[in-house]
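Hello,

Here is the structure we talked about. My notes on chain contacts follow below it.

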Amino acid sequence: MARSTSKDAQALFQSLRSAYTATPTTLKIIDLYVIYAVFTALIQVAYMAIVGSFPFNSFLSGVLSCIGTAVLAVCLRIQVNKENKEFKDLAPERAFADFVLCNLVLHLVIINFLG
Amino acid sequence: MSKSLVVFTLITLLPFLCYAFSPENPTDRKVLVLLDDFAIKSSHSLFFKSLQSRGFHFDFKLADDPKIALQRYGRYFYDALILFAPTIERFGGSVDSAAILDFVDSGHDLILAADSNASELIREIATECGVDFDEDPAAVVIDHTSYTVSETEGDHTLIASDDLIKSDVIVGSQKIEAPVLFQGIGHTLNPANTLVLKALSASPSAYSANPKSKLSSPPQLTGSAISLVSVIQARNSARILISGSLSLFSNRFFKSGVQKAGSPTKYDKSGNEQFSVELSKWVFHERGHLKAVNVKHHKVGETDEPAMYRINDELEYLVEIYEWSGKAWEPYVADDVQVQFYMMSPYVLKTLSTNNKGLYHTAFKVPDVYGVFQFKVEYQKLGYTTLSLSKQIPVRPFRHNEYERFIPTAYPYYGSAFSMMAGFFIFTIVHLYNK
Amino acid sequence: MAASVPSKGSTLRDAFGNVLSFFILILIGVLAFSIRLFSVIKYESVIHEFDPYFNYRVTQYLSKMGIYEFWNWFDDRTWYPLGRVIGGTVYPGLTLTAGTLWRVLNALNIPLSVETVCVFTAPVFSAFASWATYLLTKEVKGPGAGLTAAALLAMVPSYISRSVAGSYDNEAVAIFALIFTFYLYLKTLNTGSLFYATLNALAYFYMVCSWGGYTFIINLIPMHALLCVVTGRYSSRLYIAYAPFVVLGTLLAALVPVVGFNAVMTSEHFASFLVFIIIHVVALVYYIKGTLSQKMFKVAVTLVVSIGLAVCCAVIAVLIALVASSPTKGWSGRSLSLLDPTYASKYIPIIASVSEHQPPTWPSYFMDINVLAFLVPAGIIACFSPLSDASSFVVLYIATAVYFSGVMVRLMLVLAPAACIMSGIALSQAFEVFTRSIKFQMPGEAPDAQEVGEMISDGVVIQHDVVKAEKSEDTVKERPSKKNRKKEKEPVEKPSVKSQIRKRLLVLPFATSIIALFLLVLLGAFYVVHCVWAAAEAYSAPSIVLTSHSRDGLHVFDDFREAYAWLSHNTEVDDKVASWWDYGYQTTAMANRTVIVDNNTWNNTHIATVGTAMSSPEKAAWEIFNSLDVKYVLVVFGGLVGYPSDDINKFLWMVRIGGGVFPHIKEPDYLRDGQYRIDSQATPTMLNCLMYKLSYYRFVETDGKGFDRVRQTEIGKKYFKLSHFEEVFTTHHWMVRIYKLKPPKNRIRGKTKKSKTKSSSTTSSKRKGTKKRNPWH
């Protein structure tokens with residue numbers, strides 16, 4: 001039983017990897033960016049667990065800026081993904097412009113909230 | 001006008017007293033003396049003379065003189081009133097008990113002497129001031145142990161009392177050695193009444209009864225509960241002296257020697273003169289009258305008074321307190337003046353330190369609580385006028401930009417937030433050029 | 001859809017329709033604005049009621065001192081001696097809006113006073129709200145329904161009650177923000193554009209600034225997202241609409257001082273985070289599903305589910321433990337009373353004491369949303385055919401709103417837009433069906449002759465409508481004509497696509513259609529009449545000025561302003577005025593005097609102190625008030641003119657709230673056999689309490705009997721004196737009575753009884769001199 005699951009898992013990862021190699025580089029860059037953001041968020045959560053939640057607003061803004069960045073990047077990824085049929089009539093340029101606007105708002109708020 | 005002098009102290013009592021006790025010309029004071037008959041003027045002349053020598057002007061009137069008046073159009077003619085008319089049933093003119101009480105309530109002083117046959121009117125005035133004379137009209141204070149030894153073995157109604165109030169302010173700093181002679185009616189005070197004080201109390205063996213009739217039931221007033229002479233300081237600082245004996249102020253008692261029964265010492269002169277003169281000084285505000293001026297507070301290192309403090313500010317509080325000496329305001333020196341920083345309950349309680357020139361001062365830190373605070377000085381000392389200063393001052397929390405910034409603990413968060421922004425820029429460039 | 005048939009005629013018609021609907025929208029805006037002006041016309045341009053006075057005062061401060069001072073405003077004139085940090089405890093949206101409006105107008109050299117701007121803010125924003133409704137409904141069911149819903153919203157009584165001119169309250173702008181946020185959410189959901197998602201978060205920010213009701217949004221949107229996920233309607237558009245909204249919205253909400261960390265710390269917001277996590281999991285699953293083959297996906301599912309379940313359980317357990325560790329489970333009292341309607345009355349008398357926090361009665365539904373209540377079910381059905389993301393959202397909205405409005409009267413306001421949207425959908429669908437039936441059965445008409453047929457049918461319908469409209473009021477005219485426009489557009493689309501099938505499906509007999517149309521128009525007319533009546537009669541009274549009609553004409557009771565003016569002219573600037581908290585805002589705003597408690601009921605103990613003082617005997621009350629440095633006590637008394645919401649009627653709440661903190665005040669002491677009465681049967685505690693004495697002092701002098709017109713009874717204790725208070729002012733109709741605390745006695749009397757009451761005769765003669773004129777004699 002355990003063997004079969006592990007085999008299945010191996011097969012699964014194989015197919016996952018193969019599927020992922022097929023994705024265009026633009027999306028890969030986005031994925032990298034998302035992973036970077038999520039990773040930073042996790043580090044901050046761990047840091048908060050160690051030093052305590054005193055400047056809570058700073059913690060919040062730090063973590064939320066990471067999460068926000070990640071979420072927005074995911075949204076962008078969804079929109080520029082050519083396989084996604086839902087957004088055919090949405091030009092990638094438009095999607096990117098929206099993304100930039102969204103990020104600007106996000107970071108403005110973060111700076112406001114940081115201090 | 002005089003109100004504006006002390007208006008910032010926000011107290012209700014001080015402004016009233018300015019009518020009676022004017023710091024501008026306090027030595028020139030008019031006193032109305034109401035007498036049963038003019039014989040009293042001469043029989044009590046020593047007492048009056050001592051007052052006159054201190055700058056008081058007397059206006060002697062018969063109590064039933066139809067022309068007497070205390071005020072006209074709301075202006076009082078006199079600064080004080082001496083009522084040496086124990087038997088009067090009705091005053092002449094427009095004066096009645098209510099008028100006399102109004103006179104007191106507007107801040108004027110009163111010396112009232114009753115006697116064994118005191119009238120209803122006198123009793124009513126006394127009651128209104130918190131002094132209850134023995135209801136039995138014929139009763140006098142009798143004391144079979146501390147009476148004065150005299151030529152005739154009397155009915156022990158002439159009492160020699162030395163149970164004086166222990167207050168230098170009221171009876172003077174010089175100790176009254178000889179006992180005080182007293183002959184008259186006793187009274188009691190309500191213990192809950194905080195305004196009235198026993199200046200001269202009877203000994204524990206005294207009682208109040210009619211000496212001519214046989215004692216059928218136990219007397220109502222007994223022992224040291226009986227007060228012979230009481231002083232009252234009303235809330236507006238008007239001072240009242242009520243004595244159960246008119247002859248206490250008389251020349252005869254002033255001059256007569258005294259020997260207390262059972263005591264070997266015989267004094268050539270009774271303590272009456274010293275006692276009544278010192279008491280009159282207190283009653284006429286020559287002693288124990290305080291004033292507080294120049295209440296100031298400011299942040300440490302500044303001189304201007306702010307409209308509002310912030311929590312955790314360091315501040316200084318200053319007040320000047322003076323005492324009236326009979327001629328001039330002199331610095332009041334004490335080490336028990338306290339200031340409260342008060343909001344529903346005192347958050348800070350500090351004893352003020354003085355520089356011996358009347359200036360009191362302290363510094364403290366505003367508590368970490370915002371709200372509308374008051375600087376409160378509630379100074380109530382036996383015999384002194386009550387000082388009650390309160391000054392309202394709001395304490396606000398931090399402004400939005402007064403909080404701590406750039407906390408070291410938070411640097412990783414700042415770092416991550418800025419790294420996200422940097423990441424965004426890099427990503428933008430990469431994303432755009434990758435196409 | 002219309003673009004699918006690119007015929008020249010239809011584009012022209014489309015453009016025509018757009019222009020027309022634009023003008024209709026403007027008209028709707030004008031209608032929404034003008035229907036709310038009854039209060040200004042009937043009374044005057046004043047701020048209404050209680051809370052608006054506070055908002056007005058804050059706006060004045062803002063316009064005078066600027067935004068930073070406002071933000072850091074520590075108000076030392078309320079809640080004496082605690083003070084109140086206004087900047088941190090107020091929802092600044094309304095004030096900032098009005099302040100900005102005022103500033104802009106002044107910059108344009110339109111010198112309006114702050115008060116005028118405040119008075120007209122609510123009507124202006126209700127026009128905006130109706131436009132937002134149009135947009136929202138358009139997203140759900142097309143422009144026809146949108147126009148109908150906008151028109152309905154423009155005059156729905158429930159909304160009018162909170163937004164007449166002068167009703168300068170948070171709700172006035174919040175409803176607009178609410179609808180607009182929902183619109184942007186649906187727009188994002190329909191388009192999947194990040195641009196709208198950003199706007200959505202910003203609109204949400206405005207809503208958070210404006211009203212505590214923002215928690216409704218932050219719970220409803222996650223609910224909808226969850227619903228979509230559960231019903232298998234997940235799409236990446238949903239992700240785009242939801243995930244950025246939560247992150248940005250939470251951050252923005254935390255920027256508002258009054259919300260602050262609550263945006264992440266309290267349970268009201270937890271739902272959104274939970275759904276946020278869920279939607280990420282789901283998104284991942286869908287992504288993997290998209291990349292993997294069917295078989296591999298199954299393997300992945302078994303693998304992930306087994307691990308995922310364990311992780312989920314752990315997370316949920318931690319969350320529950322966190323929530324349960326806080327005493328109120330992290331929910332504020334007001335929100336808890338939403339979930340458990342009996343919560344407030346059980347634990348927090350101060351919340352229960354506010355009438356608008358109590359459950360509504362059935363008549364109030366009819367009063368506030370009128371015929372919409374009957375149209376809503378039809379609208380719901382219409383939303384299910386076909387069910388889209390947007391329409392499911394609207395259905396969810398109305399379902400939750402109905403529940404919440406059932407808990408608190410105040411939240412009827414949230415229900416009103418939902419009901420309008422639903423009814424708009426229902427009405428427009430019904431009209432569509434009926435007019436189409438009529439059109440296809442017009443004699444001599446062929447289904448192919450679209451253009452001509454439509455023209456004719458429209459013409460016929462217009463005639464019908466006009467005929468009917470003449471019967472009803474003039475205002476009705478606007479609406480039927482609007483419906484025609486909608487019909488005008490829809491036939492353009494529908495018959496061209498699949499007219500044959502639809503026609504067969506939806507055609508009704510000609511006569512039935514005519515009658516049904518007639519009835520619908522009648523219904524609409526009835527609604528309009530009701531709304532106008534409600535706007536004119538029921539909801540326009542400013543409550544600061546009262547009127548009553550009697551045989552001898554109109555009586556105006558302007559006692560409140562009289563009293564406040566007296567206070568501001570006859571008392572020292574720093575004097576403290578104590579009254580029940582209802583009048584706190586008005587006293588600070590109109591009399592500019594420091595108050596002990598006010599309508600911002602944040603400190604229960606302080607209110608309980610005042611309640612205790614009011615229900616104590618005179619001496620104890622004097623001591624309480626004196627310890628709070630109170631100089632004047634203000635009571636509102638309606639017994640002479642029959643003004644029912646006076647302090648005696650509120651008195652039991654004072655007892656309850658006071659007794660909640662100070663147990664020596666016991667409610668049964670004030671009740672005789674469980675009945676609250678002030679006549680001779682009343683309990684001695686009642687007859688000796690301060691509130692009774694201050695209300696009925698010298699009342700018997702008015703008519704000799706002391707007949708209380710509110711309680712319809714003679715009062716119990718008629719002749720008494722006040723020992724610690726003195727009457728300083730009583731208004732013309734005795735509605736407001738102001739007493740001053742007597743200073744402590746200068747001397748303390750001895751115990752001996754007074755032998756003769758000589759002085760009492762003089763005081764009584766003095767009394768006669770100051771006797772108040774009785775307005776009725």
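How much area do chain C and chain A bury between them, and what share of it is on carbon and sulfur atoms? About 3,000 Å² is buried between the two chains, with 82% on carbon and sulfur. Please keep in mind that this is a predicted model.

Chain C against chain A

Chain C brings 34 residues to this contact and chain A brings 37 residues. Three residues, C:Leu194, C:Leu251 and C:Phe261, account for 20% of the area that chain C buries here, more than any other three residues. On the side of chain C that touches chain A, two or more residues come from each of α10 (194-210), α12 (236-255), α13 (262-265), α14 (270-291) and α15 (294-325) of chain C. Of these, α12(C) gives the most, with 13 residues. Sorted by class, this side of chain C has 24 nonpolar residues, 9 polar and 1 charged. Between chain C and chain A there are 0 salt bridges, and 4 residue pairs are in polar contact, counting pairs with both residues at pLDDT 80 or more.

Chain C against chain B

The contact with chain B takes 27 residues from chain C and 32 residues from chain B. The two chains bury about 2,900 Å² between them, and carbon and sulfur atoms carry 52% of that. C:Asn746, C:Arg747 and C:Ile748 provide 25% of the area that chain C buries against chain B, more than any other three residues.

There are 3 salt bridges between chain C and chain B. One of them pairs B:Arg399 with C:Glu69, whose closest N and O atoms are 3.3 Å apart. Helix α4 (residues 67-71) of chain C gives the most to the side of chain C that touches chain B, with 3 residues. That side divides into 10 nonpolar, 6 polar and 11 charged residues.

Chain C on its own

Chain C contains 34 helices and 11 strands. It has 777 residues, and 56% of them are buried. Among contacts in chain C between residues at least 6 apart in sequence, 73% join residues that are at least 24 apart.

Regards

Conventions. Residues numbered from 1 in each chain as written. Chains lettered and ligands numbered in written order. Predicted model: local features only at pLDDT ≥ 70, side-chain atom pairs only at ≥ 80, totals over all residues. Heavy atoms only, no water. Contact = heavy atoms within 4.5 Å. Buried area = accessible area lost by both parts, 1.4 Å probe. Salt bridge = Lys/Arg side-chain N within 4 Å of Asp/Glu carboxyl O. Polar contact = N/O pair within 3.5 Å; in protein donor to acceptor, adjacent residues only side chain to side chain. Helix = DSSP H or I, 4+ residues; strand = E, 2+ residues; numbered from the N terminus. Nonpolar A, V, L, I, M, F, W, Y, C, P; charged D, E, K, R; others polar. Buried < 20%, exposed > 50% of the residue type's maximum accessible area, 1.4 Å probe, protein only.
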